[in-house]
Amino acid sequence: MERIIVPPRLRVWSDGAWHIYFDPYNFVWAKVNDSGRFLMEEFRRYRTISDVARTVAERFKLEPTKTLALIDGFVNKLVDEGFLHRRAYREREREAFPKLKFAGTLYLHMTNKCNLKCPYCYNKTDRETKIKLERLGMVDPILSTQEYKDLIGRAIECGAHHLIFTGGEALMRPDAMDLIKFARQKSSTIKLEMLTNATKIDDRIAEQMCASLDIVTISLDGHEKHMHELYRGKHTFEPTIRGIKCLIKKRLELRRQKPFVCLVPVLTEKNVINLKEIYQFSLEELGADNLAPVLFQAGDHQQVSVDQIPKMEIFQQEATRLSNYLQQMTIIRPEAQDDSLLARNHCGAGGGEISVDPSGFVYPCQSLHFPEFVAGNVRETDIQEIFDDSPVLNRQRGTTVETLAVCSHCDVRFLCNGGCRATAYNVYGQMDAHNELYCNYLETMAVGKLWGKTQVSSSPN
Ligand SMILES: C[S@@+](CC[C@H](N)C(=O)[O-])C[C@H]1O[C@@H](n2cnc3c(N)ncnc32)[C@H](O)[C@@H]1O
Ligand code: SF4
Ligand code: SF4
């Protein structure tokens, strides 16, 4: 009888009673229990189904014919799924990553202004410099309402399927909600999201949000005042909580399903120990739909030093505590996480996503708003042309896990995507630097995707 071949290169992760066998070449994996693991380890010894069935029947005193049939079923399923092979291992032809016609996701920065002064804010220097230059008349003013509408309309025509309205604080722009209403009128299907600190959400804004937005993503760094305010400044906790509650109450009053309310704690070495409590407070007391924690990333400043990145052991301990808590809860996941298991070869900057600043300058991503990354300006050049022809965007798209020296040898590269390129640039000054500080985290998160329980992401939003 033919031998069953287990992939020659394997990574195995265990979590109590379950085990993941991952074949990095073919990007395929199997999640098995202890019995499955026993079989896998037998097949790793180049054995046939009947040999293994005999061993199992003798060892566990089982009826031989039934045992053979069960093992045959197990093998057939994993052969069909492309994990096990008959006779010889077959490396799959890896499909080329498709050339994108346009960015699926656009970060639209509505204003440089913000009513808060979070010391870690990744675009603080960029925004504050532009505000000063605009006051001095040294840069073009921000896009007018009509120019913004033209941008939204054109992005939708070009095929964007997700617009993320952000800033600064988007709600500091008086026409913010009108522009979002306009986007909704232009397309009933496009995903519209706003990132906000929630302090400006009142009854009227909440109603407008319910009318047009799919997701409202709100920053919340602690379940208690002192922790939230440590990073977000004095007197910010109550207004944030009031804003969150107001939106959730309005959605209930209007009997709407949307917007999905997702809270985002930026995790540092200080608040990571409260990760579970932040979830508990957000889900049980505030009634949020889910959370999407993000690790603190070094941005366009070094005011909060990289020492603020949580220690790996503490993070893992807290992630386990959170996971135990979440097992008892029914969590609705934001739609954005659905495709997290597709193989990807880079972080999305300049390809799947691009970022536009309030004056119309286009950058590869929201954390790369530096003069050297300007790809063009929508006032001068059509955004499709910028996407197709900009050398900056093309160079960025060419930086993939296959071209990054360390990542190109890593087993989980197509799950991890090499981490955030903006972070590499911010920390090491080089776009293609290895994200050494975050690599441990990134591997843990990549494997977490296989377990279906990665809660934390490594780049803002
Ligand atoms: C720049 S803010 C703009 C939206 C809004 N003002 C807010 O704070 O939610 C977008 C998101 O990035 C997060 N963020 C800011 N700086 C960060 C950093 N250094 N590392 C990780 N996330 C960061 C914020 O907490 C927020 O969730
Ligand atoms: S993180 Fe948001 S709220 Fe804080 S300073 Fe930056 S833009 Fe403002
Ligand atoms: S950042 Fe680390 S975990 Fe991610 S692909 Fe590169 S080497 Fe692998």
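These questions and answers cover how some descriptions of this predicted model are reached.

Trainee: Why is Tyr425 called buried?

Mentor: The cut-off is 20 or more other C-beta atoms within 10 Å. Tyr425 has 22 C-beta neighbours inside 10 Å, so Tyr425 counts as buried. Tyr425 is found in helix 15, residues 421-428.

Trainee: What makes Leu368 a contact of Tyr425?

Mentor: Contact needs C-beta atoms within 7 Å. Leu368 is in contact with Tyr425, as are Gln430 and Met431, leaving aside neighbours within four places in sequence. The C-alpha atoms of Tyr425 and Leu368 are 8.4 Å apart, and the two residues are 57 apart in sequence.

Trainee: Is Ala198 buried or exposed, and how do you know?

Mentor: Ala198 has 26, so Ala198 is buried. Ala198 lies in the loop between strand 8 and helix 7 (203-212). Its phi is positive, about 75°, although Ala198 is not a glycine.

Trainee: What about Asn417, buried or exposed?

Mentor: Same test: 20 or more is buried. Asn417 has 23 other C-beta atoms within 10 Å, so Asn417 is buried. Asn417 sits in the loop between helix 14 (413-416) and helix 15. Phi of Asn417 is near 70°, again positive in a residue other than glycine.

Trainee: Why do strand 12 and strand 16 stand at the edges?

Mentor: The open sheet has nine strands in the order 12-10-9-8-7-6-14-15-16, with mixed pairing. Strand 12 (290-291) and strand 16 (376-377) each have a single partner strand, so one side of each is left without a neighbour in the sheet.

Trainee: What makes strand 15 and strand 16 a pair?

Mentor: Pairing takes at least two bridges. Two bridges join strand 15 (residues 361-363) to strand 16, and these strands run antiparallel. Phe361 stands opposite Asn377 in strand 16.

Trainee: How do you know which residues count as around ligand 2?

Mentor: The C-beta atom must lie within 6 Å of the ligand. The residues around ligand 2 are Cys114, Leu116, Lys117, Cys118, Cys121, Gly167, Gly168, Glu169 and Asn197. By class, the shell has four nonpolar, three polar and two charged residues.

Trainee: What makes a set of residues a nonpolar core?

Mentor: Members are buried nonpolar residues joined through C-beta atoms within 7 Å. The largest such core has 92 residues, and Leu106, Leu163, Phe165, Ile180 and Val362 touch the most other members. Helix 16 (residues 436-451) gives the most to this core, with six residues.

Technical notes. Residues are numbered from 1 along each chain as its sequence is written. Chains are lettered from A and ligands numbered from 1 in the order in which they are written. This is a predicted model: local features need pLDDT of at least 70, side-chain atom pairs count only at pLDDT 80 or more; totals for chains, interfaces and linings use all residues. Ala, Val, Leu, Ile, Met, Phe, Trp, Tyr, Cys and Pro count as nonpolar, Asp, Glu, Lys and Arg as charged, and the others, Gly among them, as polar. Helices (H or I, at least four residues) and strands (E, at least two) are DSSP runs, numbered from the N terminus. A residue is buried if 20 or more other C-beta atoms lie within 10 Å of its own, exposed if 12 or fewer, and partly exposed in between; C-beta atoms are placed from the backbone. Two residues are in contact if their C-beta atoms, placed from the backbone, lie within 7 Å.
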